[in-house]
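Welcome, and thanks for taking a look.

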Amino acid sequence: MEVVVSISNQDVVKEEPVTLFSPKNPTPVEKVFLSNIDQAVAFPVETVFFFEVPPCKTSWTLDISERMKKSVSEVLLIPYYFMAGRLNFNLETKRLELVCSNAGVPFVSAKSRLTLQELGNLSLPNSTFHHLIHRPDRSLSLSEKPIFTIQVTRFECGGFSIGFMTNHSVLDGKSAGEMFQNLASICSGEGLNTQAIYNDRTCLKARNPPQIKYPHTEYTEKLEIASVTSSFSSPNQPTRLLQFSSKYSHKLFCFTSSMLSILKGKAMVKCSNFEAIVAHLWRARSKAVFDDPDETSTILFAVDIRSKISPPLPHGFTGNAVVTAFANAKVVDLAEKPLSFCVELVKGAMDRVSDDYVRSVIDWLEIHKGVPATINGNFYLSAWWKLPFHDLNFGCGKLIHCGPIVSGTDEFVLLLSDFMGNGGGINVWMGLEKEKMQRFMLHVYEI
C-alpha cells in the first residue's frame, strides 16, 4: 500500500502575495448576473499542475513566476477582467452577483525544499497539496475574498507546480479549463488561443412565472445536511473547506483501459467509458453502503447543457453550464440484475436532460434554492478526467500530473486521469466509512 507524502509549512516557503490587476477594467463598474446554477455552487475549486523540467533546462523555471505574472496582468486579465472582481450578496435581490471591481488576483511565488520525486505518487490525491495553492485569509468577508488566485512553486529538482483557486460560481470546469489553456498559450508566447469569451449569463435566467415541470428529486432544500456550499445556504459566511475525517477511509482505485473495455463488453449495449464506469461504481457502492435491499440508491452526476438547450449556449460561455442528472433504483435490482440494467438507467438519466428539463431545473432553483441531494447514502460522481486540463504547455517543462485538491467528504466520487499509466485509464477516488469501504473493496473489481 502506497503512503501519501505529507507536506508541511516548513517544506514550502512562500513570498508575500502580489496583487495583479486588469489593465482594461470596464468603467463604470460592471455587475454580472449569476444564474441559479451559478448560485448553487459558490465554493472554491483548487487545482494543481506539476511540471517536470530536464536538468539541462532548469534555468527555464527561474523566470516562470515573472512570465506568469506578466501574462496574467498584461494579457489574460483584459478579456478575463471579471476574474479580478469579487462576489457580493445583494440584499435587495437576495442573490449573489459578480462585481467587476478590479480588486485584483493574488499571485504567490514559492520555493520548496522537496523534489517532485519526494512527493511520491502524484496520482494519490493528497490534501496537504493545499500548501501549493494560495488560500485567501478565511477571515475575509465574501465581498473581500478573491475569486481567483495563483501560486507558482519551484522544487529543488528544477520542476515546478502551478496551483489555481477559482470560485465555481464564476467558472465551471470547462470554462476554467479554457482559461487555463489561454494562460498557457500566453505564457508560451502564442497569445490568446480563444478570442470568444462570453460572460453574459442572462440566457439562463428563470422564467417569470417559474414553470416547474419535473419533481427534481436530484436537488434538496436540506442545505444544513448537504455537503455542497452554496449562496443559498450561507451567503455572507466565509466559504468553508471540507476537511478529512478519521471516520472515513479514502482510497484510489485504478481502472486500466483494458478493464474499461471489459466493462463495456459486459454492458451488452453501446456505451461510453463514462457510462460503463458510472454504472459499475454505482452498483458496487450500493452493495457496500445500503443494508436494506429494498432501499432506493441514487447516483448524481453533471451533464453539460451547452448543446442541449435552445438556442445552444454561445461559444466561449464562461458560466456554469451543467445541471445534475440522476438515476435511481432499488438496491436489490442493482445487485442482482446485469450491468446492462445499470447502464441503461445512466444513459436514460443523460437523455432526460433536454432544454425543457434544464429550464425546469433553473425555475426549481429559483423557488427552492437547493443543492444536489447528496444525502441518505446517495452520492455525486464528478468526471474530472474529462475536463480540458491535460495538455497545458506553459512554455517550459512537461506536464506530468494535474488534479484537484481533494476534500474529505464521502458523498463525492472523483474520476481522475491516469497520468502514471499508459493512457486511457481512469483512477477512481472515493471516501467511505471504514466498514463500508471494506465492503466496497469486495465488489469494486468484480468485472
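## A buried arginine

Let's begin with R95, which sits in strand β6 (residues 95-100). Please keep in mind throughout that this is a predicted model. Is R95 buried or exposed? Its relative accessibility is 13%, below the 20% limit, so R95 counts as buried.

What does the side chain of R95 reach? It comes to 2.6 Å from the backbone oxygen of L34. Leaving aside residues up to four places away in sequence, R95 touches F33, L34, S35, N36, Q39, N88, F89, N90 and E366.

## A mixed open sheet

Next comes a sheet of 6 strands. It is open, its pairing is mixed, and its order reads β11-β18-β17-β15-β12-β13. The edge positions belong to β11 (248-255) and β13 (322-330); each has a single partner strand, so one side of each lacks a neighbour in the sheet. With direction ignored, neighbouring strands are turned against each other by 20 degrees on average.

Within this sheet, β17 (residues 412-417) and β18 (residues 426-433) pair in the antiparallel sense, with 5 bridges between them.

Helix α5 (residues 273-289) lies across β11, β12 (296-304), β13, β15 (379-382), β17 and β18. Relative to β12, α5 runs at about 150 degrees.

In soluble globular proteins, nonpolar side chains tend to be buried together. Here the largest nonpolar core has 64 residues, and F255, F301, I305, L415 and F440 have the most contacts inside it. Which element gives the largest share of this core? That is α5, with 10 residues.

Not counting residues up to four places away in sequence, F255 touches L260, L263, I277, H280, L281, G425, I426, V428, V444 and Y445. There is also a second, separate core of 55 residues, and among its members are V53, V105, M179 and C396.

For C187, the nearest cysteine sulfur is that of C396, 8.3 Å away. A disulfide needs the two sulfur atoms within 2.5 Å, and C187 is in no disulfide.

C187 has 6% relative accessibility, so it counts as buried. C402 counts as buried too, because its relative accessibility is 3%.

Notes
Residues numbered from 1 in each chain as written. Predicted model: local features only at pLDDT ≥ 70, side-chain atom pairs only at ≥ 80, totals over all residues. Heavy atoms only, no water. Pairing = 2+ DSSP bridges. Helix = DSSP H or I, 4+ residues; strand = E, 2+ residues; numbered from the N terminus. Axes fitted to C-alpha atoms, helices over the stretch in contact; angles between N-to-C directions. Contact = heavy atoms within 4.5 Å. Core = buried A, V, L, I, M, F, W, Y, C linked by side-chain atoms within 4.5 Å. Buried < 20%, exposed > 50% of the residue type's maximum accessible area, 1.4 Å probe, protein only. Polar contact = N/O pair within 3.5 Å; in protein donor to acceptor, adjacent residues only side chain to side chain.
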